[in-house]
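Visitor: Could you walk me through this model, one question at a time?
Guide: Gladly, let's take a look together.

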Amino acid sequence: GAGWAVRGALAERAAEEARARLPRVTHETVMGEVRSVARLATAEATLRDVVTVEQTNRYFPGVTSTKRALLVVTGRVGAGMDLGRDSARVAVDTAARRIRVELPPADLLTVEVLDVRTYDERSGLLNPWRPEDRDAVQREARAQLARAGRSARLLEQADRNAVALMRALLARDGYAVEVVVRPRAAGPAAG
C-alpha cells in the first residue's frame with residue numbers, strides 16, 4: 001500500500017516536472033510571432049487591362065472639344081494583411097494546448113504600374129493633353145488595376161495563403177492551431 005502511494009507521488013512529481021519543462025506558449029509569444037510578419041503579403045498577380053479615357057469640354061452651346069486616349073496597362077497587384085495595427089486577435093489556452101488566431105481580411109497592399117502602352121491619343125482643338133491630364137490617366141490606370149485585382153479574387157487567395165502561413169508559423173510544441181479570417185465588409189469595391 002505505502003509503496004504504491006510513494007510511487008504514485010513520485011510519478012505525479014515527475015509528470016509536473018515534465019509539464020514545467022514543456023515550452024509554454026503565451027498570448028505575448030503568439031502576438032510576437034504574428035507581429036513578426038507585420039505586413040503579410042500573401043498573393044500577387046501581374047495583370048494587364050485596357051484603360052480608356054474621354055473628356056469633353058463644352059465652350060459654347062453646340063461647341064465642344066473632346067480628347068480621348070486608349071492605353072494598355074500592365075501592373076503588379078499585391079494583396080495581404082497589415083498586422084502591425086494590432087488587428088489580429090489571439091487566444092491561447094495553455095491547458096488545452098490550443099491557439100486561436102483571428103486575422104483581418106486581406107486588402108490590396110500594393111498596386112504598381114509596370115508598363116503603359118498608348119494605342120490612341122487624340123486631342124480636341126480646344127482641349128489639348130496637359131501634364132495634369134496624363135497624371136489623371138496614371139491614377140485611373142492604378143485604380144483600374146486595383147479593380148482588376150479585386151475581380152481576379154486576389155483577396156480571397158491572400159486570405160487562404162495567410163491562414164496556411166500562420167498555421168505553419170505557429171504550429172509547434174504540440175499546440176493545435178486554428179486560424180480564421182474575419183468576414184470582409186460588404187460594400188462597393190474600393191479602387
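Guide: A word on terms before we start: buried means under 20% relative accessible area, exposed over 50%, and partly exposed in between, with a 1.4 Å probe and protein chains only. This is a predicted model, where local features need pLDDT of at least 70, side-chain atom pairs count only at pLDDT 80 or more, and totals for chains, interfaces and linings use all residues. Residues are numbered from 1 along each chain as its sequence is written, and side-chain values use heavy atoms, leaving out hydrogens and water.

Visitor: What percentage of the residues in the chain is buried?
Guide: The cut-off for buried is under 20% relative accessible area. Of the 191 residues in the chain, the buried ones make up 31%.

Visitor: Which element of the chain has the lowest mean pLDDT?
Guide: pLDDT is the predictor's confidence in each residue, from 0 to 100, and its mean over the chain is 80, with 75% of the residues at 70 or more. Where pLDDT is low, the predicted coordinates should not be read in detail. Strand β6 (residues 176-181) has the highest mean among the elements, 92, while the lowest, 55, belongs to helix α1.

Visitor: In what order do the elements run from the N terminus on?
Guide: Helices (H or I, at least four residues) and strands (E, at least two) are DSSP runs, numbered from the N terminus. The chain has four helices and six strands. From the N terminus on, the order is α-α-β-β-β-β-β-α-α-β.

Visitor: Is Gly 75 buried or exposed, and why?
Guide: Gly 75 lies in strand β2. Taking contact as heavy atoms within 4.5 Å, and not counting residues up to four places away in sequence, Gly 75 touches Ala 45, Thr 46, Leu 47, Glu 112, Val 113, Leu 114 and Leu 145. Because its relative accessible area is 0%, Gly 75 is buried.

Visitor: Which side chain does the side chain of Thr 66 join in a polar contact of 2.8 Å?
Guide: Thr 66 is also in strand β2, and the residues it touches include Glu 54, Arg 122 and Asn 127. A polar contact is a pair of N or O atoms within 3.5 Å; within protein, one must be able to donate a hydrogen and the other to accept it, and residues adjacent in sequence count only if both atoms are side-chain atoms. At 2.8 Å, the partner is Thr 56.

Visitor: With which residue does Arg 89 form a salt bridge?
Guide: A salt bridge is a side-chain nitrogen of Lys or Arg within 4 Å of a carboxyl oxygen of Asp or Glu, and by this rule the count comes to 17. For Arg 89, the closest N and O atoms of the bridge are 2.6 Å apart, and the partner is Glu 102. This pair links distant parts of the chain, 13 residues apart, with Arg 89 in strand β3 and its partner in strand β4: Glu 102.

Visitor: Which residues are linked with Arg 89 in a network of salt bridges?
Guide: One of them, Arg 182, is found in the segment after β6 and counts as buried because its relative accessibility is 18%. Among the residues that Arg 182 touches are Ser 87, Arg 89 and Glu 102. The residues linked with Arg 89 in the network are Arg 100, Glu 102, Glu 178 and Arg 182.

Visitor: What is the phi of Arg 153?
Guide: Most residues other than glycine have a negative phi, and most peptide bonds are trans. Arg 97, in the loop between β3 and β4, has a positive phi of about 55°. Arg 153 is in the loop between α3 and α4 and counts as exposed because its relative accessibility is 54%. Its phi is also positive, near 65°.

Visitor: How much accessible area do the residues of the nonpolar surface patch have together?
Guide: Patches are made of residues with over 30% relative accessible area and no salt bridge: like charges are joined within 9 Å, nonpolar side chains (Val, Leu, Ile, Met, Phe, Trp, Tyr) within 5 Å. Accessible areas come from the Shrake-Rupley method with a 1.4 Å probe, and for residues only the protein chains shown count as cover. One member, Val 63, counts as partly exposed because its relative accessibility is 31%. Together Tyr 59, Phe 60, Val 63, Leu 125 and Leu 126 have about 540 Å².
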